[in-house]
Amino acid sequence: MDRRNFVGKLSAGAALAGLFAGRNTFAATLPQGAQAEPENGGESRGEGALKITRVRSILTAPYGIRLVIVKVETSDPGLYGLGCATFTQRPRTVQTAVDTYLDPFLRGRNPDNIEDLWQAMFQSSYWRNGPVLMNGLSGVDAALWDIKGKRAGMPVYQLLGGRCRTAVPVYGHASGSDGESALASVTKFLERGYKYVRVQVGVKGQSAYGPRTGDEKKLQGHFEGDVFEPTPYQLAVPKVFDYLRQELGDEVELLHDVHERLHPIQAIKLAKDLEVHRLFFLEDPFAPEDIGYFKHLRHQCATPIAMGELFNNPNEWVGLISERLIDFIRCHVSQIGGITMGRKIAALCDFFRVRTAWHGPGDTSPVGHAANLALDLSTWNFGIQEGREFQGATLDVFPGCPEIKNGLFHVNEKPGLGIDIDEKLAAKFPIKDNPPFDLKWGKLRGADGTIRRP
Ligand code: GCO
Ligand code: MG
């Protein structure tokens, strides 16, 4: 077709926009009926199209942990979406990413085009994939899914393919510094209906991840901090699990988080020692910087492995999944790109029989838990969900907050993510810039003062 004939087939609007606006001559190759896009990035179609009017962060700490929520407002009064963007150790950086950069970038765009907006946000900073920008982007992403669900009159899990299960199994967080105390802690969860319990092991005089032993040594002076030595911890864990399996039998599913605290070869030995106890999974045996060790671990034992809460670059998970080196993907959904990236990862995992176990500690906000649950309900290859029992003021700050009953997370059937925020109440729980939980990182040291991994 010669150029004149082709242009003749275009709508007048497209031809005029393309040829006379003096900018986008490529518009002349648009198919019949398509319109050239407006200057603002191309997402707004027509006068009546829904537009994003404002994107802003809301910082709140109703249970002491600093949470970052993103609210995306639209030109339809009262229609907005919420997403979790919590990077609790550095909340002000995410606040800046959202309020200073994403808000002006997104205003005027159509919230319907989630994938396109995701890619636009992602590419817009040129440098990408870090926790600050990914949390900001993820907060917007989940908010856009929330808006789409509200527009469709459906919960987000319906938009993702519908239910694969009636409710979402959650694991409880038990701990102890010896067999007896760990058993007492696990039993409390079993009595409340939990079938899965993660058990963290304390070591006297040390700051292990998970439990509080109460007698932790502190270094003073130049190298002040909490003491952690890997070997006593490595030796203590199998003893506690020996006792638990002996007392509890095989019914309960037991889990453990190494929290990247061992030297890699010690983690391999621990995984081998625990193999006999058939863990549901062993989490973060290595740091993200040491993922090359997974193939060595895989060749030596069949303890199921979970990994991923610190990941935010696809290069960190694609190989581990496609080479079948892990059994559970455990990303923090607001670290990786929100629901949009979560569903892509879940689909990738499906082909390699890897199951999902999205990160869900206290520094995933209730809004983030609602996003996790939308994925959990609609993912066939779901494995387990980490959860938290929200209580008191948190339930009032976040109406619709997911609740755990009998070891299961239930979601409400409201359109979107089914969760809201009472901003006036949220403002009564301002974040602190020096809370003890968030600032302990970077202060963990060996007995000689050497900095340890968190
Ligand atoms: C987990 C995690 C968390 C992290 C926390 C860091 O498995 O739940 O390891 O507890 O330590 O999210 O802020
Ligand atoms: Mg963990």
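How many of the residues of strand 2 (residues 67–74) are buried? The views below are of a predicted model, in which local features need pLDDT of at least 70, side-chain atom pairs count only at pLDDT 80 or more, and totals for chains, interfaces and linings use all residues. Residues are numbered from 1 along each chain as its sequence is written, and chains are lettered from A and ligands numbered from 1 in the order in which they are written.

**View 1. Burial of strand 2.** Eight of the eight residues of strand 2 are buried (20 or more other C-beta atoms, placed from the backbone, within 10 Å of the residue's own; exposed, 12 or fewer; partly exposed, in between). L67, I69, K71 and E73 point one way, V68, V70, V72 and T74 the other way. Helices (H or I, at least four residues) and strands (E, at least two) are DSSP runs, numbered from the N terminus.

**View 2. Partners of strand 2.** Strand 1 (residues 52–60) pairs with strand 2 in the antiparallel sense over eight bridges (pairing requires at least two DSSP bridges); I58 has I69 as its bridge partner. In the turn of this hairpin, G64 has a positive phi of about 95°. Strand 3 (residues 80–84) is joined to strand 2, also antiparallel, by five bridges, and V72 is partnered by G81.

**View 3. The two sides of helix 4 (residues 114–124).** I114, L117, W118 and M121 are the buried residues of helix 4. On the other side of helix 4, E115, Q119 and Q123 are exposed. Just after the helix, Y126 takes a positive phi of about 65°.
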